[in-house]
Each structure stands twice: as structure tokens, then as C-alpha cells.
Amino acid sequence: MTKSDLNNMRYTIDIVVENKPGVLYRITGLLAKRKINIERINVFAVKGNGISKMFFTADIEDRIVDTVVKQINKIIEVIEINYHKANH
Amino acid sequence: MKMTGAEILMKSLLKEGVEVIFGYPGGANMPIYDALYFYEKKLRHILVRHEQGAAHAAEGYARVTGRHGVCLVTSGPGATNLVTGIADAMMDSVPMVAITGQVAAEFLGSDAFQETDVVGITTPITKWNCQITHASEIPEAVAKAFYIASHGRPGPVVIDITKNAQFEKTEFNYPKNFFVEKLKTVNKYKKEDLQKAAEIINNSKKPYMLVGHGVLISKAEKEVLQVIEKTGMVVASTLHGLSSIPFNHPLYVGMLGMHGNYSPNKLTNSADVILAVGMRFDDRVTGKLSKYVPKAKVIHIDVDESEHHKNVWAHVPLIGNVKDVLKSILPYLKKNNHNNWLEEFKKLDKKELAVEKKRQLKNKNKLTMDTVLTLLSKKTKNEAVIVADVGQNQMFAARYYKYKNPDSYITSGGLGTMGFALPAAMGAKIGAPKRQVFATVGDGGFQMTIQELGTIMQEKLPIKILLLNNEYLGMVRQWQQLFFEKRYSFTHMKNPDFINIAKSYGIKGEKIEERKKLNQALDKFINFQGPYLLEVKVEKEDNIFPMVATGTSVDEVRLE
């Protein structure tokens, strides 16, 4: 285990977005450019109201997680975003 | 009345107040160009020579006017040629609207001729983008694009319009009072935080304001002066903050960063309060982050929440438009002065000046970049717009021209795009026709977008091109000298006869190689009516100092 692995914590990021093409790409692009690998992902459209819910689980360095989440929150189609430490 | 998508686009752009478009026609935007033929009088179109030129010209236009820069290109290579300029606008927070043609919807995904996934390619370098496949979608997409590009932290947006949508006919209805909820409220700072920040400033002994691009973007120059003059706070500028404060203001100590002035870097770590105003603590400003501002409480004003704590922890982050935040905090600030603190800067300034004098003496009869820019500054009464390219010429232009008025120093700071200056100067001149516009370029960067001389010729743009030719990629050569034991690996350039090239484009010019000819050559250059190229053969192995070397702390700034 390298030093950087030790500083990584498993986080879950919950995002509510407008259900439009390209939004998932924009979000995953922001993760990929920091070499954050997604361990688990769940995306579904909420019937009838034009929104989607997304749940990402990934190992992210503690010192950058807040900035990454704020950068995702800048995406125009993102309506709400929360993150917390994952249990597993 | 039904009209084509292309005409709807024209009408939508007019609704947004667009006056100028920088563009290049091609297969997938021909219906738009056909519509433009009928709107030529209302929408001025500048035909560039390469799409990258359109993007940088749009940036130059936006930077001097504060309005949207618009470019229009075709699909495939037209759009990919725009990519560098879009990325540049993203890094430097420039409100740009790029419209790209696209193959007809039925061909999407089929590897059709000149098809590229433009939305895919531009996603990481835009604030927002979209693809339009029906004419009826155009008005709202345009309204949304313009709103997003300029609200909150400005940035580029791309609208990709398929050819069938350009041909398709429908009714024109433009949305009224359109807004994007997410960007409607930018001021999220709280009164308690303003008071907390003010208390920190009021109790400080060595308060230090760092101004950035946000001051110019939000037009907060007056508010900055009010805050520093009331508190007696010392102020320094980032590269993009240059010209937001007059160079001769008694509390202004100069430029920060890798090639900034000596005292502003050296004393950053002595400050007990840092008030960062519309700047993002770029690595070129902070030097080694772990040794940056160890003693200071940091108050960070930025409209972009994700900039807070990104590189430097802020004790008090204030989210909002710089101008509004400064206006709101002013009543809580106490009248004060910090003459002893200012004196520390003045003392170090003498050290820099002594080195500068030594340098001048050594170069007395030589042609150097600093000599040229100092003289240009004097002869233009410090009032011109300087559009600098990237490299040594950019840093010399930043440091030796004395900026008096806002929006006078325009350069590619974030992306560092060589070739930026010439096309950006075209946009700047079109945006500010009454101001004198100079492009300062090196021999490397000039050749990256030299084709835009054709645009300058066709549009008769009276731009002054100052070519500082050292036959090297000067900044890389400087690093090779300092950090790679003078191994000048592929930085020497054998150059063409630039004056003859300009002549072929009908642009007058002069080349000088002697110091004694500089005075007269500059006079002619400045006063010439129309575009002009002045090539100055400068010292080949000259360096720009002070310098904060990569990986070192700002207080380790080198004088020579």
C-alpha cells in the first residue's frame, strides 16, 4: 500500500441532475481527470419529473474531495449534491 | 412566419446584442453563412484565416469589452481547430459563445465526412455545451448559452447545430427574461462572514491584498482603491490582475508570481492577513504551496465556490461578485495605515532597482525587450492596450509596460497559448477601436498564428505588431540555461524574413538591429496610420528576472 492509498477514503457522492444527455459524461470526466476510479455507480431516471439520481462510490483523497464535489456542483444540470464517507 | 433555423440563429444573436462574429465557413455551416449574407449589415463578420484565430479574436474582443465573444465555425476540423481557443477561454474565464456546424442529424455517429463529436471533445473545456438537431431548439439554446457564458464565473459555451436544423423552417419565438436558476444568485456571502473578515483586517499589522482577473471582470477597480485607501493595505497583482490598479498608486507594490517583482513575492509570507480578491492561487503565483503564507489568515473573495480551499485554505471564504463583496465589506473596515509594512516593500524595491540599474548599464547600447517596452510605455503615455503572447515577451510586457487604465494587459495566462496575441489583438481592436492596440510577440509565437496577417489585411485593422525576435523560444531557452546546463535542445529558430512576409500582406514594417535606431522606429511604429510590424532584433540570450523557480517558495525569489 502506497502513502497516497492511505490518504484515500471511500466516499459516496449522491447527485440529483436534470435528465439530459451528456450529464453523466461531464461528471465522470471531472473524476477521470483526477484519476479517480469509480468503484460503484447507480443511475436512474425519476419517472415523470425530468430528473435523474446518481450515486457514485470511489476512493478519493481526503484533501481534494470537497473541491471535486464543488467542481461537480458547477455543472449547470446538477441540481443537488451531497457526499459522505462510505461504510464499505 | 416560418423561417430557417439559420435565420432564427441570426435573429437570436441579434436579440443577444451581438455585433461581431469571428468565423470561417465550411460544409456544415453553409446554411448559416447563407443567412449571414442577408444580415451582413447588422452582424459584422470577420473572416479569419484559421479557426484558432477566431477563438482568440473572440477572446480579445470579450476581454476589452466585457461582452460575449462569438465565433462561428464548421464541423470536424473547423471545430477541432477551435479547441485550443476554447480551452484558453475556460482557463481565463472569458465569456465566449462558439457555434459549430455539424453534419445532418441522420448521419450523426456514422463517421460522416467532417463529423466529429464536438460536444464530447469540448465537454471538459466548456462551462456548458449542447447539440441542436431541430430549428425550434435554437432560440432557447442561444439564450441559455449567452446567459451561462457571462453569469457567475464567465466561461466558454458551445452550441453544435446539425445541418438539417439550419435548413429546417419553423416560427421564431425568442424566450423573454430567460435565466438559469443555478446562476441567478451569485452573491452567497453572509453578513457575519463580512464582519469576521473585516475584524481580521482591522486587527492586522501586515495586511496584503492580492488582486486578480476577477477585479477586471466585475469592474471593481474603484472598490479596490476604496478598500486599500481606507485600510492602508498593501496591494499586489497577479498577471491577469494587471491594469486593475494604476501602476503608480502609492500602495501598489507590483506583480506577483514566477516572474513578478521582488518585494511582492519576497514579503508574501510575512503578511499576517491575505485578502485575495478575484484570484485563484495559481501555482505560478504561489510557488511551493506547502510553504505559502504560513503566518497569514486568508480571506478569499471569489464568485466560484470551488476555488475556495482548492489550493490555499481560506479562513474566511466569501462567495460572490468581487465588486459587490468589496462594496459590502467597506463600511466594516476601519481607517488605518500600515506605513511600516509598506516601508518593508520599499526597502526591497531598492534591491530590485539596484539589480535593474546594473542590468541597464550592462545593456546600455544593446537592444533588449525591457528597453523596448519601457520606451513604448513612455511614448504611448501608458495608455495603450498591450496584447501579449506567451513566453519572455509576455513577462517583459507585463513588467515593463506601466499600466494606467483597466483592461490594458491581455494575455493567455492560464493555458499559456503561444500564438494568442496576434488574433486576440484583432478582437481587442474591433472591441475597442478608439484605443491603440499593440500585439507583443516573439518569433516563436508569431509563427503559430501568423496567417492572421491576412485577416488584418482584409479588414484593414490598424494593429501594431511588436515582434521581439531573439531567434529562440526564449522562455524555454532560459530554463535550459538555468536548469538544464545550457543544453539548448531544439529552441533555436531559423526564421523567415518577417518584414517581407508582412509586405506580402500589404502591411508596412521595419526591422531594427541597433539600439540607436529604436527611438525613431518606435515613433514611426506608434504614429503610423494602419497596421504595422516593428521587428526588433533583441539580445539572444537575455533572461527575465526576478524569478521564483519551480518547486521553490515565493520568499526564495531570485533577483538574478
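Predicted model: local features only at pLDDT ≥ 70, side-chain atom pairs only at ≥ 80, totals over all residues.
**View 1. An open antiparallel sheet in chain A.** Let's begin with four strands of chain A, which line up in the order β2-β3-β1-β4 to form an open sheet with antiparallel pairing. At the edges sit β2 (38-46) and β4 (78-85) of chain A, and each of them pairs on one side only. On average, neighbouring strands of this sheet are turned by 15° against each other, direction ignored. To follow one pairing in detail, look at strand β1 (residues 8-18) of chain A, which is joined to β4(A) by 7 bridges in the antiparallel sense. Here A:D14 can be found opposite A:N82 of β4(A).

**View 2. Strand β15 of chain B and its parallel partners.** Strand β15 (residues 385-388) of chain B is covered on both faces. On one side B:V385 and B:V387 are buried, and on the other B:I386 and B:A388 are buried as well. Which strands pair with β15(B)? One is β17 (residues 437-442) of chain B, in the parallel sense over 4 bridges; within this pairing, B:V385 has B:V437 as its bridge partner. Another is β16 (residues 409-411) of chain B, which runs parallel to β15(B) and is joined to it by 3 bridges. There, B:I386 has B:Y409 as its bridge partner. Between β15(B) and β16(B) the chain passes through helix α18 (residues 392-400) of chain B, making a right-handed β-α-β crossover.

**View 3. B:T417, a loop residue of chain B.** Now move to the loop between β16 and α19 (421-431) of chain B, where B:T417 is located. Is B:T417 buried or exposed? B:T417 counts as buried because it has 26 C-beta neighbours inside 10 Å, and 20 or more are needed. Apart from neighbours within four places in sequence, B:T417 is in contact with B:T84, B:D88, B:V390 and B:S412. Have a look at B:G85 too: it is 332 residues from B:T417 along the chain, and their C-alpha atoms are separated by 8.3 Å.

View 4. With 23 other C-beta atoms within 10 Å, B:M258 is buried. Which residues is B:M258 in contact with, leaving aside its neighbours within four places in sequence? They are B:R284, B:M547 and B:V548.

Methods:
Residues numbered from 1 in each chain as written. Chains lettered and ligands numbered in written order. Pairing = 2+ DSSP bridges. Helix = DSSP H or I, 4+ residues; strand = E, 2+ residues; numbered from the N terminus. Axes fitted to C-alpha atoms, helices over the stretch in contact; angles between N-to-C directions. Buried ≥ 20, exposed ≤ 12 C-beta atoms within 10 Å, placed from the backbone. Right-handed = clockwise from strand over helix to strand, strands pointing away. Contact = placed C-beta atoms within 7 Å.
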